[in-house]
Amino acid sequence: MDDFIGTAPSGIVRPNRITLVELDNQRVILTRIDGELCAFNALCPHQLGNLAGGLIHKGEIECPVHNWRFNIRTGKSVYPEDDGLQLRRYDA
């Protein structure tokens with residue numbers, strides 16, 4: 001548990017909602033998908049859009065800049081499909 005970093009009270013991280021926190025000068029999004037806590041960098045890997053302004057739907061987050069979509073659990077791009085870009089995810 002030496003690598004554990006407290007970010008926010010568990011109760012404020014709601015399903016399919018974006019909770020934005022800052023850790024070591026990095027903006028990180030927390031959310032819950034089917035009860036699972038998920039954490040990932042708030043920058044879209046496509047063109048560094050702010051995912052905190054995006055939408056979460058059916059386990060995916062959509063970037064508000066160019067509508068790129070990513071699977072929150074795997075980090076993989078789902079639109080466009082298989083473009084090789086991935087969210088930077090963190091263990092939660």
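A: A residue counts as buried under 20% relative accessible area, as exposed over 50%, and as partly exposed in between, with a 1.4 Å probe and protein chains only. C63 is buried because its relative accessible area is 2%. C38 is buried as well, with a relative accessible area of 1%.

The model is predicted, so local features need pLDDT of at least 70 and side-chain atom pairs count only at pLDDT 80 or more, while totals for chains, interfaces and linings use all residues. Residues are numbered from 1 along each chain as its sequence is written, and side-chain values use heavy atoms, with hydrogens and water left out.

A disulfide is a pair of cysteine sulfur atoms within 2.5 Å. By this rule the model has zero disulfides. C63 is in no disulfide, and its nearest cysteine sulfur, that of C44, is 3.9 Å away.

Next, the sheet. Strands are DSSP runs (E, at least two residues), numbered from the N terminus, and two strands pair if DSSP finds at least two bridges between them. An open sheet is formed by five strands in the order β4-β5-β6-β7-β8, with antiparallel pairing. Because β4 (55–57) and β8 stand at the edges with a single partner strand each, one side of each has no neighbour in the sheet. From one strand to the next the twist averages 35 degrees; axes are lines fitted to C-alpha atoms, and angles run from 0 to 180 degrees between N-to-C directions.

Strand β6 (residues 69–71) runs antiparallel to β7 and is joined to it by two bridges, with F70 opposite S77 in β7. Strand β7 (residues 76–79) in turn pairs with β8 in the antiparallel sense, again over two bridges. There V78 stands opposite E81 in β8. One residue lies between β7 and β8, which form a hairpin. Strand β8 (residues 81–86) lies largely in the open, because the number buried among its six residues is zero.

A nonpolar core is a set of buried Ala, Val, Leu, Ile, Met, Phe, Trp, Tyr and Cys residues joined through side-chain atoms within 4.5 Å. The largest has 14 residues, of which F40, L51, I61 and I72 touch the most other members. The elements giving two or more residues to this core are β2 (26–33) and β3 (36–41). Another core lies apart from it and holds five residues, including V13, V21, V28 and L30.

Contact means heavy atoms within 4.5 Å. Not counting residues up to four places away in sequence, I72 touches T31, I33, C38, F40, I56, G59, E60, I61, L87 and R89.

Methods: Helix = DSSP H or I, 4+ residues; strand = E, 2+ residues; numbered from the N terminus.
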